[in-house]
Amino acid sequence: MRAQLLDGSRAGGLLDAVRRLTLLQLDPVSAIAPSADLVAWSRLGSAYSPAELDAALRDRTLLELRAMVRPAEDLALYRADMARWDLAERGELPGWRASLRDWVRANDACRSDILDRLGSSGPLPSRDLPDTCRLPWQSTGWTNNRNVIKLLEFMVLRGEVAVAGRSGGGDRLWDLAERIYPDDPVIPADQALHIRNERRLAALGIARARGPECPVEPADVGEAGEPAVVEGVKGAWRVAPAQLGQPFSGRAALLSPFDRLIHDRKRTVELFGFDYQLEMYKPVAGRRWGYYALPILYGDRLVGKLDAAADRDAGVLRVHAIHKDADFTPAMSAAVDEEIKDLARWLELELALPG
């Protein structure tokens, strides 16, 4: 909780919070508020304004990289990996990555066309970029034939293009990476991986040493920190020593479904015994907690879920239910109720309670 800035103290501001958390995850769903803003509010309180995030992205103290907002200085930790795509052109990528390389290689003419258009006219939304792909992108999902979007995503991995900002409608605006990324010295790949692991562990407090591959943001931390044992849980864990042996003062908090405290659902069950799934993709009849339920934290325990929705047309935050995973003491109820009221104040909505 302390590592995730969810103890009794508050971070010193948005940039300080993102540096300590290492990232804010972007997501287009805004049933209550955008996830990045919910995470910032849960750490900073109602003094936080979403305009702060917009301003930080505009002045590029924060940058968007693969749907994650990161401190601009952290881009130096990814540039060496971007340069490794040159190795891919020589056939040195393993496994499934080789098929991605081959698809990009087959559409090299389109990649050049995109770079030329951005060079002369960027920043631009993807719809204004030429689709001259020779080999269409094939997928069983929503990205099928979305050739320019997929190619841009691979060009981000190559360090060629970057998100320059967002349009009024939220569409990404693309530009040449050299115009967006700070001109900081590139950190060698092995050193950068070690630093990223150390920073991720410092932000999580405790994490697995090894885990399934997560291409955007891993959940494991390698050899960072010190070995730890979680009683009753198998596997090798690592702990951030700086988080140990300190007094703890908790509080109540309402968390985004994409909050890093609970983002790894397996870890959430193992450490907290807390069962949670985001249910917005489930049929209504199959939902246990609601379309966009917010996990409820109290002290060092995850104690329930808040089923609520922001009805902006009516100017109301509608609370449908509070699902309790534990018996709420009067102190817990009062603290959680105050957080719900604060959420409504922050959203500038009237609070409508069930019944």
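Analyst: Two strands count as paired when DSSP finds at least two bridges between them. Keep that in mind as we look at this predicted model. In strand 12, for instance, Leu 302 is the bridge partner of Leu 297.

User: How do you know that strand 11 and strand 12 pair, and which way do they run?

Analyst: Five bridges join strand 11 to strand 12 (residues 301-311). Pairing asks for at least two, so these strands pair. The two run antiparallel. Another spot to look at is Ile 296, which stands opposite Gly 304 in strand 12.

User: What do strand 11 and strand 12 form, and how many residues lie between them?

Analyst: They form a hairpin, with two residues between the strands. In the turn, Gly 299 has a positive phi of about 65 degrees.

User: What about strand 10 and strand 11: how many bridges join them?

Analyst: Three bridges join strand 10 (residues 252-254) to strand 11, and the strands run antiparallel. With at least two needed, this also counts as pairing. Here Ala 252 has Tyr 298 of strand 11 as its bridge partner.

User: How do you know which strands are the edge strands of the open sheet of five strands?

Analyst: Start with the strand order, which is 10-11-12-13-14, with mixed pairing. Strand 10 and strand 14 (350-352) are the edge strands, as each pairs on one side only. From one strand to the next, the twist averages 30 degrees.

User: Is strand 11 mostly covered or mostly exposed, and what makes you say that?

Analyst: Mostly covered: of the five residues in strand 11 (residues 294-298), four are buried. Buried means under 20% relative accessible area.

User: Which strands make up the open sheet of three strands, and in what order?

Analyst: The order is 4-6-5, with antiparallel pairing. Its edge strands are strand 4 (124-125) and strand 5 (161-166), since each pairs on one side only. Strand 4 is joined to strand 6 (residues 172-176) by two bridges. That meets the requirement of at least two, so strand 4 and strand 6 pair. Leu 124 stands opposite Trp 174 in strand 6.

User: Which strands does helix 7 touch?

Analyst: Helix 7 (residues 108-121) packs on that sheet and touches strand 4, strand 5 and strand 6. Its direction makes about 95 degrees with that of strand 6. Helix 8 (residues 147-157) lies across strand 5 and strand 6, at about 50 degrees to strand 6.

User: Let's turn to helices. At what angle do the axes of helix 1 and helix 2 cross?

Analyst: The axes of helix 1 (residues 14-21) and helix 2 (residues 35-44) cross at roughly 105 degrees and come within 10 Å. Angles from 65 to 115 degrees count as roughly perpendicular, so helix 1 is roughly perpendicular to helix 2.

User: Which residues meet there?

Analyst: Leu 14, Ala 17 and Leu 21 of helix 1 meet Val 39, Ala 40, Arg 43 and Leu 44 of helix 2. In this contact, six residues are nonpolar, none is polar and one is charged.

User: Why is Arg 200 called buried?

Analyst: Its relative accessible area is 5%. The cut-off for buried is under 20%, so Arg 200 counts as buried. Arg 200 lies in helix 10 (residues 189-204) and touches Thr 22, Glu 217, Pro 218, Asp 220 and Val 221, leaving aside residues up to four places away in sequence.

User: What makes the link between the side chains of Arg 200 and Glu 217 a polar contact?

Analyst: The two side chains come to 3.0 Å, and a polar contact needs a pair of N or O atoms within 3.5 Å.

User: How do you know whether Asn 107 is buried or exposed?

Analyst: Asn 107 has 1% relative accessibility. Buried means under 20%, so Asn 107 counts as buried. Asn 107 sits in the loop between helix 6 (97-106) and helix 7. Its side chain reaches the backbone oxygen of Trp 103 at 3.1 Å. The C-alpha atoms of Asn 107 and Leu 135 are 6.4 Å apart, although 28 residues separate them along the chain.

Terms used: Residues are numbered from 1 along each chain as its sequence is written. This is a predicted model: local features need pLDDT of at least 70, side-chain atom pairs count only at pLDDT 80 or more; totals for chains, interfaces and linings use all residues. Side-chain values use heavy atoms; hydrogens and water are left out. Buried means under 20% relative accessible area, exposed over 50%, partly exposed in between (1.4 Å probe, protein chains only). Contact means heavy atoms within 4.5 Å. Axes are lines fitted to C-alpha atoms, for helices over the stretch in contact, and angles run from 0 to 180 degrees between N-to-C directions. Angles under 35 degrees count as roughly parallel, over 145 as roughly antiparallel, 65 to 115 as roughly perpendicular and the rest as oblique. Ala, Val, Leu, Ile, Met, Phe, Trp, Tyr, Cys and Pro count as nonpolar, Asp, Glu, Lys and Arg as charged, and the others, Gly among them, as polar. A polar contact is a pair of N or O atoms within 3.5 Å; within protein, one must be able to donate a hydrogen and the other to accept it, and residues adjacent in sequence count only if both atoms are side-chain atoms.
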